[in-house]
Amino acid sequence: MMTTDKPEAKSGWLNTLVDYGPLLVFLGVYKFYQPPEDSTFGEIAAVIYGTIAFMVAAVIALLFSKWKFGKVSPMLILSTTLIVGFGALTIWLRDERFIQFKPTAIYLLFGLVLVGGWLRGKALLKILLEAAFEGVSDEGWLKLSRNWGLFFLALAVLNEILRAQMTFESWLWAKFWVFMPLSFLFTFSQIPMLLKHGLDVGQEQEAATKQPPTGE
């Protein structure tokens, strides 16, 4: 008798590693090369070394995602492209503001795409994630796409506020202690809505670990 096995769900912690691992590499390399506070040139050098490591780690994370999961989401491809693009500008112009603006660009792009799709009655998040939660209705996916779009736009505004108010290193740490917790909390906050729109009982854990990759 033939049996059909349900595809193995992607590991939540591996998805998090793919998304935040490159940023952790950036921070580690930056801290390693960080100069005394009065050394302006050394600060720029540390940012450049960190940016190079960030770009390499982002590409490795993308290749790992392809190897481990068999495919790469369009969102991860777009975010990795922006990381490399803004990273190259940071290195060429020796200005850390470009790598700081990179998350804003990613959040704005994804936010406008998702909200624009919602306004046209299209749940683009389902396409960008290349995922489906069993039982969730089209209306549920449409609301989830809208909610993530608005959340991304809010993160874009928050990133601009923080980078204007913080030092470069403090801004880096904020990616872990502000943006990552907010993303996890927002993901969990969507589960009740998904359950109302047909999410099968028992899939809550998968839904809680399925975040749009942004290549932080």
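**Exercise 1. Counting ring pairs, then looking at two of them**

Task: Find how many aromatic pairs this predicted model holds, then describe the pair formed by Phe26 and Phe54.

Solution. 
- Step 1. The count comes to 15 aromatic pairs.
- Step 2. Take Phe26 and Phe54: their ring centres are 5.3 Å apart, and their planes make an angle of 75 degrees. An angle over 60 degrees counts as edge-to-face, and that is the label for this pair.
- Step 3. Now place the two rings on the chain. Phe26 belongs to helix H1 (residues 12-33) and Phe54 to helix H2 (residues 40-69), with 28 residues separating them, so the pair links distant parts of the chain.
- Step 4. Are these residues buried or exposed? Phe26 has a relative accessible area of 1%, which makes it buried. Phe54 is also at 1% and counts as buried, since the cut-off for buried is under 20%.

Task: Work out which kind of pair Tyr33 and Tyr49 make, and what their accessibility is.

Solution. 
- Step 1. The ring centres of Tyr33 and Tyr49 lie 4.4 Å apart with planes at 40 degrees, so this pair is tilted.
- Step 2. Tyr33 sits in helix H1 and Tyr49 in helix H2; the two are 16 residues apart, and the pair again links distant parts of the chain.
- Step 3. Tyr33 is partly exposed, at 40% relative accessibility. Tyr49, at 42%, is partly exposed too.

**Exercise 2. A cluster of rings**

Task: Which residues do ring pairs link into a cluster, and which charged residue sits over the ring of Phe179?

Solution. 
- Step 1. The cluster is made of Tyr107, Phe110, Trp148, Phe151, Phe152, Phe179 and Phe186.
- Step 2. Look at Phe179 in that cluster: over its ring lies the charged end of Lys175, 4.0 Å from the ring centre.

**Exercise 3. The overall build**

Task: How many helices and strands does the protein have, and what percentage of its residues count as buried?

Solution. 
- Step 1. There are nine helices and zero strands. Written along the sequence, the pattern is α-α-α-α-α-α-α-α-α.
- Step 2. The protein has 216 residues, and 46% of them count as buried.
- Step 3. Consider contacts between residues at least 6 apart in sequence: 72% of these join residues at least 24 apart.
- Step 4. The accessible surface is about 11400 Å², and carbon and sulfur atoms account for 67% of it.

**Exercise 4. Single residues worth a visit**

Task: Find where Arg94, Leu150, Glu134 and Leu199 lie, and describe each of them.

Solution. 
- Step 1. Arg94 is in the loop between H3 and H4. Its phi is positive, about 55 degrees, although it is not a glycine. With a relative accessible area of 51%, Arg94 is exposed.
- Step 2. Leu150 lies in helix H6 and is partly exposed at 47%. Its C-alpha is 6.1 Å from that of Gly111, though 39 residues separate them in sequence.
- Step 3. Glu134 is found in the loop between H5 and H6, partly exposed at 38%. Glu134 and Gly198 are 64 residues apart in sequence, with 7.9 Å from C-alpha to C-alpha.
- Step 4. Leu199, in the loop between H8 and H9, is buried at 4%. From Leu199 to Val136 the C-alpha distance is 4.7 Å, across 63 residues of sequence.

**Exercise 5. How confident is the predictor?**

Solution. 
- Step 1. Start with the whole protein: the average pLDDT is 83, and 81% of the residues score at least 70.
- Step 2. Over residues 1-10 pLDDT stays under 50, and the model has six contacts beyond four places in sequence for them. Where pLDDT is low, predicted coordinates should not be read in detail.

Technical notes:
Residues are numbered from 1 along each chain as its sequence is written. This is a predicted model: local features need pLDDT of at least 70, side-chain atom pairs count only at pLDDT 80 or more; totals for chains, interfaces and linings use all residues. Side-chain values use heavy atoms; hydrogens and water are left out. Helices (H or I, at least four residues) and strands (E, at least two) are DSSP runs, numbered from the N terminus. Buried means under 20% relative accessible area, exposed over 50%, partly exposed in between (1.4 Å probe, protein chains only). Contact means heavy atoms within 4.5 Å. Accessible areas come from the Shrake-Rupley method with a 1.4 Å probe; for residues, only the protein chains shown count as cover. Rings of Phe, Tyr and Trp (its six-membered ring) pair if their centres lie within 6.5 Å; planes under 30 degrees apart count as stacked, over 60 as edge-to-face and the rest as tilted. A charge sits over a ring if NZ of Lys or CZ of Arg is within 6 Å of the ring centre and within 35 degrees of the ring normal. pLDDT is the predictor's confidence in each residue, from 0 to 100.
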